[in-house]
Amino acid sequence: MSFRDDLAAASEWVASYVETIGERPVVSEVSPGEIRAKLPSAPPDKAEPFADVLRDFDEVIVPGLTLWNHPRFFAFFANTGSEPGILAELLTAALNVNAMSWLTSPAATELEQLTLDWLAQLLGLPAGLHGHIEDTASTSTLAALAAARALRPGGAVYASEQSHFSVEKAVRLLDLELRKVPVDDEFRMLPDFPLDDATAVVATVGTTSSTSVDPVRRLAERCNQAGVWLHVDAAYAGSAAVCPEFRWCLDGVEEADSIVVNPHKWLFTPIDCSTLWTRRPDALRDAFAAHGDYLPSREGAVDFRDHGPALGRRFRALKLWTVLRCYGREGLQESIREHVRQAALFEEWVRAEPAWEISAPRHFSTVCFRHQSADNDEIARAATATGRIFVATTRLRGQSVIRLAIGNGWTQEADVREAWEVLRECVR
Ligand code: PLP
């Protein structure tokens, strides 16, 4: 078989997977070690045909996966490896360029600059920010806090008790001290804590458990007065700002020093793709620029390796650019609005049903709710075990609550309705 034939077979597999994904179980019911036991324990001595690999992939690997691209994946933050994203990943793999510096792939760097400018416009971010792509929000936040530390070493980082643990990890790596700030009754950071010894503050727009939105403007005012770096973690909810009616969530962000949004969460781009903007790129360079005689630079060109921890960088801009082009502003808005509409509908069903309650204000496409008397962890576990939906739980005010996170581009109202049916069946 030629590469061309193998490529056709792989494309055929992908096309039928995308067409029929909703018919598969979302979560695999395998036991630990089961998949490994089905595969040879030693590598092959002789080259095997790709067709054999594709067969094992289809028969052994895929049935052992949790299908994140499934329209009834409602756990964590649902995401989408959309058709344009899949196609662009194929092209990226074929090129296999390394976007570590301008010289090593000029178009990769320039497309990354352009795409980040486009996305900043789509989200209504201020003009003139410096943007680049990291693999994940964890790395973006690490980079932002390293930049903050370059300006103000040795202090504390303040983040709400609802902030994502990526903040805690970054703080540990940077040998700073994390101070967790309490939240109000809607899980928003209380903004009036002392800032004297602060290196940075992290505000979250769309916290992981409840999608609460910290008061960015108030925090920005205080940070600017005190000369403290404000980083905004909008990994999930930032994407909502493609719709003007959700821009409120980024109010004040123009006064922040950095902001991260993950297109690989709610902007239809395959994992991994995390976009980080800053108005202080010099501080990122202070934290990360390094010289190696083996790596030349071009005068006047941007080398993204100087803005984050990694040297080797995938050409991630290609998939984001492709998604932005193939959806267009209107397509992105339509998809985000549809997810929020579905979430609002689900919220109504929960509110209308005795014995169920909403556990946190719903701002976007994620609904936190609970059954008042049954074991909510058990409901989520049983619902997921049906293979029909995947939901997860979190804890709010010491209670276990179920989260329905809508964010997959193929999710229809019927899928959300099915989730509600399955959950109620599980209680019965
Ligand atoms: N920040 C928030 C608010 C998140 O919800 C998450 C993950 O869900 C992250 C950061 C970390 O994202 P990543 O997996 O891209 O590191």
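The model is a predicted one.

Helix 1, residues 3-20, and helix 3, residues 50-61, have axes that come within 10 Å of each other and cross at roughly 15°. Because angles under 35 degrees count as roughly parallel, helix 1 is described as roughly parallel to helix 3. The crossing of these two helices is right-handed. On the side of helix 1, the contact is formed by Asp6, Ala9, Ala10 and Trp13, and these meet Phe50, Leu54, Phe57 and Asp58 of helix 3. Sorted by class, the residues of this contact comprise six nonpolar, no polar and two charged.

Helix 11, residues 317-352, takes part in two further pairings, with helix 4 and with helix 5. The axes of helix 4 and helix 11 come within 8 Å and cross at roughly 150°. Since angles over 145 degrees count as roughly antiparallel, helix 4 and helix 11 are therefore roughly antiparallel to each other. The crossing of helix 4 with helix 11 is right-handed. Helix 4 contributes Pro84, Gly85, Ala88, Glu89, Leu91, Thr92 and Leu95 to the contact, while Leu318, Lys319, Thr322, Val323, Cys326 and Tyr327 belong to helix 11. Eight of the residues in this contact are nonpolar, three are polar and two are charged.

Helix 5, residues 106-123, has an axis that comes within 9 Å of that of helix 11, and the two cross at roughly 25°. This angle makes helix 5 roughly parallel to helix 11, and the crossing of the pair is left-handed. Residues of helix 5 in the contact include Leu111, Leu114, Trp118 and Leu122, and among their counterparts in helix 11 are Leu318, Trp321, Leu324 and Leu332. The contact of helix 5 with helix 11 has 13 nonpolar, two polar and three charged residues.

Empty space was examined next. Rolling a probe the size of a water molecule over the atoms shows where such space is left. One cavity of 30 Å³ or more was counted. The largest cavity has a volume of about 50 Å³. Its lining consists of Leu125, Pro126, Leu129, Val253, Glu254, Ala256, Asp257, Ser258 and Ile259. Of the residues in the lining of the largest cavity, six are nonpolar, one is polar and two are charged.

The largest pocket holds about 1,100 Å³ of space. It is lined by 46 residues, and those nearest its centre are Asn79, Thr80, Gly81, Pro270 and Ile271. Two or more residues of this lining come from each of helix 1, helix 4 (83-95), helix 6 (137-151), helix 9 (263-266) and strand 10 (392-396). By class, the lining of the largest pocket divides into 22 nonpolar, 18 polar and six charged residues.

The second largest pocket has a volume of about 280 Å³. Its lining comprises 13 residues, of which Trp13, Tyr17, Phe57, Leu65 and Asn69 are the closest to its centre. Helix 1 gives the most to the lining of the second largest pocket, with four residues. This lining has ten nonpolar, three polar and no charged residues.

Note on methods. Residues numbered from 1 in each chain as written. Predicted model: local features only at pLDDT ≥ 70, side-chain atom pairs only at ≥ 80, totals over all residues. Heavy atoms only, no water. Axes fitted to C-alpha atoms, helices over the stretch in contact; angles between N-to-C directions. Parallel < 35°, antiparallel > 145°, perpendicular 65-115°, else oblique. Left-handed = near helix turned anticlockwise from the far one by under 90°. Contact = heavy atoms within 4.5 Å. Nonpolar A, V, L, I, M, F, W, Y, C, P; charged D, E, K, R; others polar. 1 Å grid on protein atoms, 1.4 Å probe; cavity = no way out; pocket = protein on both sides within 12 Å on 5 of 7 lines; lining within 4 Å. Points joined across faces, edges and corners; volume = space filled by probe spheres on them.
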